[in-house]
Amino acid sequence: IEALIEQQEADKTDITLAELAHELDLTRDQEIELRELARTSTEEFLKVLAGEDQTVEDVRRDFEDAKDDPTKQAELAGKYVSRLMSNLGPVMTAAMKYETGVTKILGPEKKAKMESGYRVTDLDPLGLEAVFEGSFGD
């Protein structure tokens, strides 16, 4: 199953939000709403990762530095997974809020098309998904 999931991820096309808007025939308002939803969701997630001993900017810098480096991404996963797990409630709430928001903005059909065929780079500008991919046995 893991190999199938990895292949599905590899088959996805990296695309900007503007390109996705064109592909899915989104309105300008839908594009703006998705961008804002991604921004607020990322901020919530970074606050959880920052905890009380770091700032959001410290965490953001960690992820920006590791964005294109798999070795640094693995180090970050090790650094932040325990913090994620100890704050699973707020993390799951933020993730559900994001998923629900995307469905509300796009509708279920366009959301399914987006998730099955595209990796929208603007919606994960820090590469958070790459760092935590596989960290939870996915």
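The structure holds 13 salt bridges, a salt bridge being a side-chain nitrogen of Lys or Arg within 4 Å of a carboxyl oxygen of Asp or Glu. This is a predicted model, in which local features need pLDDT of at least 70 and side-chain atom pairs count only at pLDDT 80 or more, while totals for chains, interfaces and linings use all residues. Residues are numbered from 1 along each chain as its sequence is written, and side-chain values use heavy atoms, with hydrogens and water left out.

| Pair | Closest N to O |
|---|---|
| Arg28 and Glu31 | 3.4 Å |
| Asp62 and Lys79 | 2.8 Å |

Arg28 and Glu31 both lie in helix α3, three residues apart, and Arg35 lies in α3 as well, four residues from Glu31; helices here are DSSP runs of H or I with at least four residues, and strands are runs of E with at least two, numbered from the N terminus. Arg28, Glu31, Arg35 and Asp122 are linked in a network of salt bridges. Glu31 counts as buried because its relative accessible area is 10%, where buried means under 20%, exposed over 50% and partly exposed in between, with a 1.4 Å probe and protein chains only. Arg28, at 54%, is exposed, whereas Arg35, at 37%, is partly exposed.

The largest nonpolar core has 17 residues, such a core being a set of buried Ala, Val, Leu, Ile, Met, Phe, Trp, Tyr and Cys residues joined through side-chain atoms within 4.5 Å. Leu20 and Met114 are among the members that touch the most others.
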